[in-house]
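Morning, everyone. Let me put the model up, and then we'll go through a side-chain pair and a helix packing.

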Amino acid sequence: MSRRNGGSSPWSPEMVNRFVDLMASGIHHSKCAPILTKEFGVEVTNSMCNGKHYRITLMLRGGAPPRPYKPKNPHPYRGPVNLKPRPKQTGKGNLDFFDLRSQTCRWPFGDDLPYTYCGERNIDGSPYCLEHSRLAWSPNTVRNRLAGIR
């Protein structure tokens, strides 16, 4: 019955007038649905009555429906991504995510999207090259110091 499903609106002018009369007699708009369904033989839900009440009160106030919410400052990672072509050579931050292979170092560079990755040849069994493996798995990490391991 709703427009979303391709049907026409069940709100005839007579139904709207009856709805306004019911509300004027003191019946809450959410309680009008069964009365309108019984009188007009058209299924009317509480949600339909709530929406109609909202639209009628807007018209009576002379206002327009509120505009959709648009954030003033969009989230930094939801904005458009810079799709400039980058050089496809390996070494120190020249690879993007889609250029990574199983033999390339996955050490990320940059604070903003899109990140770049190291791209040097990795050590067997590690996602990083020798230099970045030493940074990632330093023997003097806080966890080792707390555990008493040197």
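R18 counts as partly exposed, because its relative accessibility is 28%. Partly exposed sits between buried, under 20% relative accessible area, and exposed, over 50%, with a 1.4 Å probe and protein chains only. This is a predicted model: local features need pLDDT of at least 70, side-chain atom pairs count only at pLDDT 80 or more, and totals for chains, interfaces and linings use all residues. Numbering starts from 1 along each chain as its sequence is written, and side-chain values use heavy atoms, without hydrogens and water.

What does R18 meet? The side chain of E39, in a salt bridge at 2.8 Å, N to O. The term means a side-chain nitrogen of Lys or Arg within 4 Å of a carboxyl oxygen of Asp or Glu. The whole structure has 1 salt bridge. R18 is in helix α1 and E39 in helix α2, so the pair ties together parts 21 residues apart in sequence. Helices here are DSSP runs (H or I, at least four residues), numbered from the N terminus. E39 is partly exposed too, at 43%.

Now the packing. The axes of α1 (residues 13-24) and α3 (residues 46-61) come within 12 Å and cross at roughly 85 degrees. Axes are lines fitted to C-alpha atoms over the stretch in contact, with angles from 0 to 180 degrees between N-to-C directions. That makes the two helices roughly perpendicular, a label for 65 to 115 degrees. V16, F19, V20 and M23 of α1 touch C49, K52, H53 and I56 of α3, contact being heavy atoms within 4.5 Å.

Last, just after α3, G62 takes a positive phi of about 80 degrees.

Definitions and conventions: Angles under 35 degrees count as roughly parallel, over 145 as roughly antiparallel, 65 to 115 as roughly perpendicular and the rest as oblique.
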